[in-house]
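Please look at the sequence and the structure shown here before reading on.

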Amino acid sequence: MIRHRSAWRWIAAAVAIMLTVILAIGHAARFLEGPASSPSKADLIVVLGGDGGDRGLTAARLYVAGLAPSVFLTGLEATPPGVRKPLMHWRAQVLAEAGVPLAQLEYDAASMNSWEEAVNTRRLMEARGWRKAVVVSDPYHMRRLSWTWGRVFEGSGLEYSLVASAPAFWKPDVWWRDEKSGQAVIVEYIKLAYYWVKY
């Protein structure tokens with residue numbers, strides 16, 4: 001009888017663990033999106049690097065809606081120096097064609113990762129006397145950006161809010177069934193762990 005009860009306890013524990021894993025998998029993408037917020041008035045819209053166009057178009061919509069008077073194009077991740085200028089030009093053209101005057105653009109061709117983008121944005125804001133930034137990136141980056149920007153901006157008196165772009169491929173509720181969404185989620189958890197350890 002005792003063995004019988006013990007076996008049922010092990011089975012119940014195994015079922016509970018399996019249900020927990022299934023629920024965690026189902027919410028993994030939404031957890032990454034969690035820190036995103038609605039856009040609000042700011043001094044600057046920051047468009048993070050690695051953009052395939054969605055971030056730039058989101059930033060342009062925010063600019064046209066009057067949320068901020070300037071747009072900061074940051075970082076090109078690990079792009080070789082020789083192609084940074086053409087890539088910045090391409091991103092600037094996307095913004096210009098969507099309604100952002102080129103005169104309202106600021107550029108950061110130095111940042112190589114999300115941490116450096118936050119550091120260089122803080123420097124620019126402090127130099128210009130700007131107090132608040134709206135930071136635009138893809139939805140699955142929001143959790144890591146919240147961690148990164150929170151640490152970089154800590155004690156500065158500066159504010160930021162995170163606004164997610166809307167890539168057409170992103171399927172957060174069924175990410176494990178979609179190759180591109182699945183890759184984004186898995187890579188982002190690896191990056192998140194790396195940032196927690198490094199910074």
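**Overall architecture**

The protein contains six helices and five strands, where helices (H or I, at least four residues) and strands (E, at least two) are DSSP runs numbered from the N terminus. The model is predicted: local features need pLDDT of at least 70, side-chain atom pairs count only at pLDDT 80 or more, and totals for chains, interfaces and linings use all residues. Residues are numbered from 1 along each chain as its sequence is written, and side-chain values use heavy atoms, with hydrogens and water left out.

**Fold and surface**

- Starting at the N terminus, the order of elements is α-β-α-β-α-β-α-β-α-β-α.
- Among contacts (heavy atoms within 4.5 Å) with a separation of 6 or more, 77% join residues 24 or more positions apart.
- Of the 199 residues, 43% are buried, that is, under 20% relative accessible area with a 1.4 Å probe, protein chains only.
- Carbon and sulfur atoms hold 62% of the accessible surface of about 10800 Å², computed by the Shrake-Rupley method with a 1.4 Å probe.

**Nonpolar cores**

- A nonpolar core is a set of buried Ala, Val, Leu, Ile, Met, Phe, Trp, Tyr and Cys residues joined through side-chain atoms within 4.5 Å.
- The largest core has 19 residues, and Ile 45, Leu 62, Val 71, Leu 95, Val 100 and Val 136 touch the most other members.
- Two or more residues of this core come from each of strand 1 (44-47), helix 2 (54-64), strand 2 (71-74), helix 3 (84-97) and strand 4 (132-137).
- Helix 2 contributes the most, with four residues.
- Another core, apart from this one, has 17 residues, including Val 46, Met 125, Ala 133 and Leu 158.

How values were computed:
Buried < 20%, exposed > 50% of the residue type's maximum accessible area, 1.4 Å probe, protein only.
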